[in-house]
Amino acid sequence: MLNAELIPISKIKNKELSSLLIARKGGVTTIKITDQILYQPSNANQLSKILQLDYKTITYHLNLMIDHKFIEKEQITHSYIYYPSKKLYKYIEEYNMIKNFLKIE
């Protein structure tokens, strides 16, 4: 992977993704949730416990990413499982560039 210092923010072409993750105060939280979903699709309650974040915070960020079609959900019994969308995988390189820009591991 390229060094974060070598990647200028101007290289990120997906303005929708960059505004969601860089321009917003909660972008870092959105990245943490998205990273966990990339690692293992989960429901909101599981994400809340794993990331030690409030359930309402989790659902807010999930809904934001769903609205922009970077995360999808599927109902399983009485719960929803959240997983990465094809759109997120399409822009995964830019997603990782944003993480590097924000210095998030």
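Reply: Gladly! Helices α3 and α4 make a right-handed crossing. Their axes lie 9 Å apart, at an angle of about 115°. Please keep in mind that this is a predicted model.

Me: Which residues make the contact between α3 and α4?

Reply: From α3 come Ala44, Asn45, Leu47, Ser48 and Leu51, and they meet Tyr55, Ile58, Thr59 and Leu62 of α4. Sorted by kind, the residues of this contact are six nonpolar, three polar and no charged.

Me: Why is α2 called roughly perpendicular to α3?

Reply: Helix α2 (residues 27–39) packs on helix α3 (residues 44–51) at an angle of about 115°, and the two axes are 11 Å apart. Angles of 65 to 115 degrees count as roughly perpendicular, so α2 is described that way relative to α3. The crossing of α2 with α3 is right-handed. On the α2 side the contact is made by Lys32, Ile33, Gln36 and Ile37, and on the α3 side by Leu47, Ile50 and Leu51. Five of these contact residues are nonpolar, one is polar and one is charged.

Me: How do you know that the length of α4 agrees with what a helix should span?

Reply: Helix α4 covers residues 55–67, which is 13 residues.

Me: Which residues of α4 are buried, and what covers them?

Reply: The buried ones are Ile58, Thr59, His61, Leu62, Leu64, Met65 and Ile66. Their cover includes the helices α1 (15–21), α2 and α3, along with the strands β1 (71–76) and β2 (79–84).

Me: What makes Ile58 buried?

Reply: Ile58, a residue of helix α4, has a relative accessible area of 0%. Buried means under 20%, so Ile58 qualifies. Leaving out residues up to four places away in sequence, Ile58 touches Ile33, Ala44, Leu47, Ser48, Leu51 and Leu53. Ala44 is 14 residues from Ile58 along the chain, and their C-alpha atoms are separated by 6.3 Å.

Me: Why is Lys99 counted as buried?

Reply: Lys99 sits in helix α6 (residues 92–101). Its relative accessibility is 13%, and the limit for buried is under 20%, so Lys99 counts as buried. Setting aside neighbours within four places in sequence, Lys99 is in contact with Ile31, Asp35 and Ile104.

Me: And how do you know that Ser18 counts as buried?

Reply: Ser18 belongs to helix α1. With 14% relative accessibility against a limit of under 20%, Ser18 therefore counts as buried. Apart from neighbours within four places in sequence, Ser18 is in contact with Ile12, Ala23 and Ile98.

Me: What is the order of elements in the chain, and what percentage of its residues count as buried?

Reply: The chain has six helices and two strands, and from the N terminus they run α-α-α-α-β-β-α-α. Of its 105 residues, 38% count as buried. Among contacts with a separation of 6 or more, 58% come from residues 24 or more positions apart.

Conventions: Residues numbered from 1 in each chain as written. Predicted model: local features only at pLDDT ≥ 70, side-chain atom pairs only at ≥ 80, totals over all residues. Heavy atoms only, no water. Axes fitted to C-alpha atoms, helices over the stretch in contact; angles between N-to-C directions. Helix = DSSP H or I, 4+ residues; strand = E, 2+ residues; numbered from the N terminus. Parallel < 35°, antiparallel > 145°, perpendicular 65-115°, else oblique. Left-handed = near helix turned anticlockwise from the far one by under 90°. Contact = heavy atoms within 4.5 Å. Nonpolar A, V, L, I, M, F, W, Y, C, P; charged D, E, K, R; others polar. Expected span 1.5 Å × (residues − 1). Buried < 20%, exposed > 50% of the residue type's maximum accessible area, 1.4 Å probe, protein only.
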